[in-house]
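Hi there,

Here is the structure I promised to pass on to you.

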Amino acid sequence: MSKIPAVLEGLRLPVIGAPMFIISTPKLVIEQCKAGIVGSMPALNARPAEQLEEWLIEITEALAKHNAENPDRPAAPFAINQIVHRSNERLEHDMALCVKYKVPIIITSLGAREEIFEAAHSYGGVVFHDVINNTFAKKAIEKGADGLVAVATGAGGHAGVKSPFALVQEIREWFDGPLALSGSIATGDAILAAQATGADFAYIGSPFIATEEARAEEAYKQAIVDCNSDDIIYSNLFTGVHGNYLKPSIEAAGLDPNHLPESDPSKMNFGESGAKAWKDIWGSGQGIGAIKEVQSAGKLVEQFDVQYKNARKRLLDLQEKVRS
């Protein structure tokens, strides 16, 4: 059995809502947590930097109010994502606010730094670090991370290329701590499958783009509903790091999604359109074929819950048939 931190026990579903640049704000985070899964957002979504404190107050007060009114159905904890990269000039400021408000879970990306892990541990916070291979996973744990997010092929935005079966298996050979799996998870069946591979949690982002609470353009939400895995393009053109993006948004920028050039790391804009990654070029994972409508985050989690329970029942029935 994996060692699950107390703060992550008792979730309605073993799900962490992935932090999505631009898309995730307190409105979505609060509804995810109230629905019983971990809600999260990047600290950098708060602009200007001073807004982060306002948002942390909003989240903590809303969840405290919910818990007071629903003692039998408390909210799940929330998480803040920190981009641990030399380009993030706000990291120290944003992390200080996370310490001040004792954010239960910190998710770090693009770099593992001991001082960030230590800051979270100073008040009892739990840190997950996202990785795309076993080498990075070992480095993160050596530097003090508590848990890992294995970003496998098919994940939305910046994504790895490894099969979830290979990535989770390699990590589980040496790590028995909390492990989340990311990559094309968009149904309750896939949540159960993530656990079957050896992960403790499913890490889900793209399906929540098509929710009422997401800060996304209506056209973006509808594209999540209308598209499927054939409409996902893997490219490093837009940020210098390979990621998965929606073909219609690439075409709208005047580019041929089937003949994209390699990245110029010095540029975040490209082409005469001046389109920008994330704002104009929309990130998405390969699992969106399962998303059929725009609905509330709460209803989406309820849908996952029903699917998850049905999948477990089918598995138990299958096991019974095999035994008999």
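Let's start where two helices touch: P26, V29, I30, C33 and K34 of helix 1 meet W55, E58, I59, A62, L63 and H66 of helix 2. Contact here means heavy atoms within 4.5 Å. Helices (H or I, at least four residues) and strands (E, at least two) are DSSP runs, numbered from the N terminus. The residues of this contact divide into 8 nonpolar, 1 polar and 2 charged. In that count, Ala, Val, Leu, Ile, Met, Phe, Trp, Tyr, Cys and Pro are nonpolar, Asp, Glu, Lys and Arg are charged, and the others, Gly among them, are polar.

Before going on, a word about what you are looking at. This is a predicted model, in which local features need pLDDT of at least 70 and side-chain atom pairs count only at pLDDT 80 or more, while totals for chains, interfaces and linings use all residues. Residues are numbered from 1 along each chain as its sequence is written, and side-chain values use heavy atoms, with hydrogens and water left out.

Back to the helices. Two packed helices are described by the angle between their axes and the distance between the axes. For helix 1 (residues 26-35) and helix 2 (residues 51-69), the axes come within 10 Å and cross at roughly 25 degrees. That makes helix 1 roughly parallel to helix 2. The axes are lines fitted to C-alpha atoms, for helices over the stretch in contact, and angles run from 0 to 180 degrees between N-to-C directions. Angles under 35 degrees count as roughly parallel, over 145 as roughly antiparallel, 65 to 115 as roughly perpendicular and the rest as oblique. The crossing of helix 1 and helix 2 is right-handed; that is the name when the near helix is turned clockwise from the far one by less than a right angle, and left-handed is the name when it is turned anticlockwise.

Now compare a second pair. The axes of helix 7 (residues 188-197) and helix 10 (residues 297-323) come within 7 Å and cross at roughly 55 degrees. Helix 7 and helix 10 are therefore oblique to each other, and their crossing is right-handed too. On the helix 7 side, G188, D189, I191, L192 and Q195 take part, and they meet F304, Q307, Y308, A311, R312, R314 and L315 of helix 10. This contact divides into 6 nonpolar, 3 polar and 3 charged residues.

Which residues of helix 7 are buried? They are G188, A190, I191, L192 and A194, where buried means under 20% relative accessible area, exposed over 50% and partly exposed in between (1.4 Å probe, protein chains only). These buried residues pack against strand 1 (15-17), strand 8 (179-182), strand 9 (201-204) and helix 10. After helix 7 comes G198, with a positive phi near 125 degrees.

Strand 9 has 3 bridges to strand 1 and 3 bridges to strand 8. V15 stands opposite A202, while S182 stands opposite Y203. In a regular strand the side chains alternate between the two faces of the sheet. In strand 9, F201 and Y203 point one way and A202 and I204 the other, and all are buried.

Finally, a few spots in the loops:

- Leaving aside residues up to four places away in sequence, L44 touches F21, I83, N88, R90 and D94.
- P48 lies in the loop between strand 2 and helix 2, and the peptide bond from R47 to P48 is cis, with omega near 5 degrees.
- I22, between strand 1 and helix 1, has a positive phi near 75 degrees without being a glycine.
- L110 is not a glycine either, yet its phi is positive, at about 55 degrees; at 43% relative accessibility L110 counts as partly exposed.

Happy exploring!

Notes: Pairing = 2+ DSSP bridges.
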